[in-house]
Amino acid sequence: MNTTVDARGFSCPQPVLMTLDEITKVDTGEIVVLVDTDTSKENVSRAATSKGWQVKDVQEEGEGYRITISKD
Amino acid sequence: MLALVGTVPHRDFPLVDSEVSLHDDEVCIQGEQVTVNRGTPALLAATIKAGEFLGQPAPHGYLVGDIGLGDGSRRLYEYLIQHLGESDFQAITFHYMQPDIGCHNRVLFVMEQMSERPILIADAGSMYAAKMSGKAMAYDLFTPDIGELAFLADEEAPHPFYTRGFILHEENRVPELIARAYAHKNAPQNLLVKGEQDYVANQEGIQATINHPMDEAMEAIGGTGDTLTGIVSALISTGMEIGEAATIAARANRLAGHYAEPTAATQVMEIVSHIPKALEDVFCEKNRGEGWQKLSQKESAASALK
Amino acid sequence: MSVLGLFKRKQPKGSSPDQRRDRGILVFENTSEVIRAETALKKEGWKIRVMGPPPEVRSGCDLVIEIPLIEELSILRTLQAADVTPKDIVPVSSPLLRPVDLFQTKELGRYLMIRAANMKLTIDKRTLTIVNVSGGGCPDVPYLAQEMVGKPLADAPSPREIGHTLCGYALQLAYEEVKRQCSP
C-alpha cells in the first residue's frame, strides 16, 4: 500500500504532523512525503524513525525533496 | 536549534555544554547523568520528549551543579558571557539560575550583540533576574505561575518573596495583574501564565485561556511548570508563532498530567512520559477543528523571526 | 582585631527626612549566612526582623537583618560567638521590603498543601510524610526537594538548615506552617 503526503508549502511542524497522521492511519506499508525545506526533510525523517519506520529513500525533487518511508 | 540553560541540584556536577539526551528517567549530557526530577532536569526531559514527537533535533544544554550557594550559577553566567556570542541558536530557554542582576545583564548584552538574536524564553530564577534587572521587555516569553505573575505585577518587588500583600495572586485578578505588569514594563512580549486556568497574553491582553482538563493535584506536583516550559520551548524551536505554541503547550501539559492520573504525591517523570501522546492528541484536535493551514514560505519565514 | 573594627558605618545617600536612625541592617555575604545569623540571634532572644534590602545594597536573592542600632555591639558579639560575621552594617535609609506573611492552605484529598510566597509544600495527612515540593526558581529548591520529599515531617531536614536562598526561606515558612497545622 503506497500513499503520498504532500507537505509542500506547510510550515513547521505541520509536515511532521501530517506524516505522523498518515503513519497512524496506515500502520505499515510505504509512504511518500513531499517537503520543500531541508529542515522539514530532517524533521520528517527523524519523526518517522522515532515511530519505527525506515527512511528508505530521499531524493531531490523540484525545489524540495521526496522522502520514502516504509514499515513492514 | 534550541539551547536550555540551568542548574542541577548536585554540588559537584561539572559545567557542561553539549547535546542532551534522555534514557529512561535520566538526562544524559557530556558523559554525566542526572535523574529527572523538578527543576531543570524536568525541563530538559520534557523538551526532549516534545522534540522527539515534533521531529526536532536534541536540544543543547548548558548546565552546572548549584544547590543554592550561587557558585555554580556564577560560573555558568561567566561561561555564557564568553561563549554564547559564538552560537547560532534559534531559541534559548533560561531556567533555574541564582538571580544575579549584574551577571544577567552581561549575558543579555552578549545576546543582544548577536547578528541573529535568538528567541529568549525565561522561567524560574532566570525570570526573577530578568524582572529584577528591569529587562523583562527584552524577552519573548515568560512562564510564571500566578504567584510569580503577582511578583511581575508588583513594580517594587525584587523577588516573589516580597510581593506586597495587596497584590493578590487570585485567579479573578489575572487580567489586572497582567495589565499592571505591562504598564510597568515588567513583562515580556508574551506571557504564558500557569494556574488553575492557564493564560496566554501579550501587551494587548489575554489571547487565550486554557482550563481543560483540570486536575487539582497538578499544582502540588513539583516540576509541572518545568514541563510546560519545556513543551513550549520545543514548539517555539520549530518556528511556530509564540502565542500558538503557548496555547498548544498549555493544553498538552494538562493532558499529559491528566493521563498520569495524578495525585498530590505524583512525581514529574510520570507526566513527562505522557507528553508525546498528549501532543499528538492536541494536534489531532486542532486538525479536526481547523484543518491544516497552509502558509507561504515567506509567511513562515517571517513568523520565525521577531 | 575587634569586631567593631571590621565595619565602617556608611552614610546613607540623600537621607530622607524620616530616616530611621535607630535602626540598622546587617548585610551578609549570602542568604544562608542570614539564615544562620537569624537563628543565632533569635536563640539569644534578640527581637530582630528579616527583611528585604534597600535598593542600594540589592544584588539578587537578598535578605538582611534589621536590628536596633543601639544594640549593635551586643548583637555582633552574639554573631561572633556563632561564627557568622556580617560584611556590613548600614543604617536604614529607606523603607525595607516586608516578606510575604500570607499562607494559603489547600486540602487535596488525603494530602495537605501549604503555600508561602512562591513555595508549596505538600504532605500526606495520614502518614505526615512530605510528598511534594513545588514552586520557586532558585537553585536550592530542587536540592531541598531532593532532601525532603519522601521523608516524614519529623525526620526531614528543615529548609532553614540546608537552604540558601529566598525560595528556601519561603519553603521554611511553609514548612513551619505545615508543622503548626499538623501538630497535635
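# A guided tour of a predicted model

Begin in chain B, where B:Ala42, B:Leu43, B:Ala46, B:Thr47, B:Ala50 and B:Gly51 of helix H1 meet B:Asp226, B:Thr227, B:Thr229, B:Gly230, B:Ile231, B:Ser233, B:Ala234 and B:Leu235 of helix H7. By type, the residues of this contact comprise seven nonpolar, six polar and one charged. The model on display is a predicted one.

**The two helices as a pair.** The crossing of H1(B) past H7(B) is right-handed. An α-helix has 3.6 residues a turn, so residues three or four places apart point the same way.

Select B:Pro213 next. This proline belongs to the loop that joins strand E11 (205-210) to helix H7 (224-236) in chain B. Inspect the peptide bond that runs from B:His212 to B:Pro213: the bond is cis, and its omega is near -5 degrees.

**Two positive phi values in chain B.** Move to B:Asp24, in the loop between strand E2 (16-23) and strand E3 (26-29) of chain B. Although B:Asp24 is not a glycine, its phi is positive, at about 55 degrees. Is B:Asp24 buried or exposed? It has 8 other C-beta atoms within 10 Å, and B:Asp24 is therefore exposed.

Then select B:Ala124, in helix H4 of chain B, which covers residues 124-132. B:Ala124 is again a residue other than glycine with a positive phi, near 55 degrees. Its surroundings are another matter to examine: B:Ala124 counts as buried because it has 31 C-beta neighbours inside 10 Å.

**The contact of chains A and B.** Show chains A and B together. How many residues does each chain bring to the contact? Chain A gives 15 residues and chain B gives 14 residues. On the side of chain A that touches chain B, helix H1 (14-26) and helix H2 (38-50) of chain A each supply at least two residues. That side of chain A is made up of nine nonpolar residues, five polar and one charged.

A:Asn2 counts as exposed, since 10 C-beta neighbours lie inside 10 Å. Leaving aside residues up to four places away in sequence, A:Asn2 touches A:Gly29, A:Glu30 and A:Val32.

**A covered helix in chain C.** Finish with helix H3 of chain C, residues 140-148. This helix is mostly covered, with eight of its nine residues buried. To highlight the buried residues of H3(C), select C:Asp140, C:Val141, C:Pro142, C:Tyr143, C:Leu144, C:Ala145, C:Glu147 and C:Met148. Which elements do these residues pack against? They pack against strand E8 (129-135), helix H4 (159-162) and helix H5 (166-182), which belong to chain C. The last stop is C:Gly150, which follows H3(C) and has a positive phi near 95 degrees.

Conventions
Residues numbered from 1 in each chain as written. Chains lettered and ligands numbered in written order. Predicted model: local features only at pLDDT ≥ 70, side-chain atom pairs only at ≥ 80, totals over all residues. Helix = DSSP H or I, 4+ residues; strand = E, 2+ residues; numbered from the N terminus. Buried ≥ 20, exposed ≤ 12 C-beta atoms within 10 Å, placed from the backbone. Contact = placed C-beta atoms within 7 Å. Nonpolar A, V, L, I, M, F, W, Y, C, P; charged D, E, K, R; others polar. Left-handed = near helix turned anticlockwise from the far one by under 90°.
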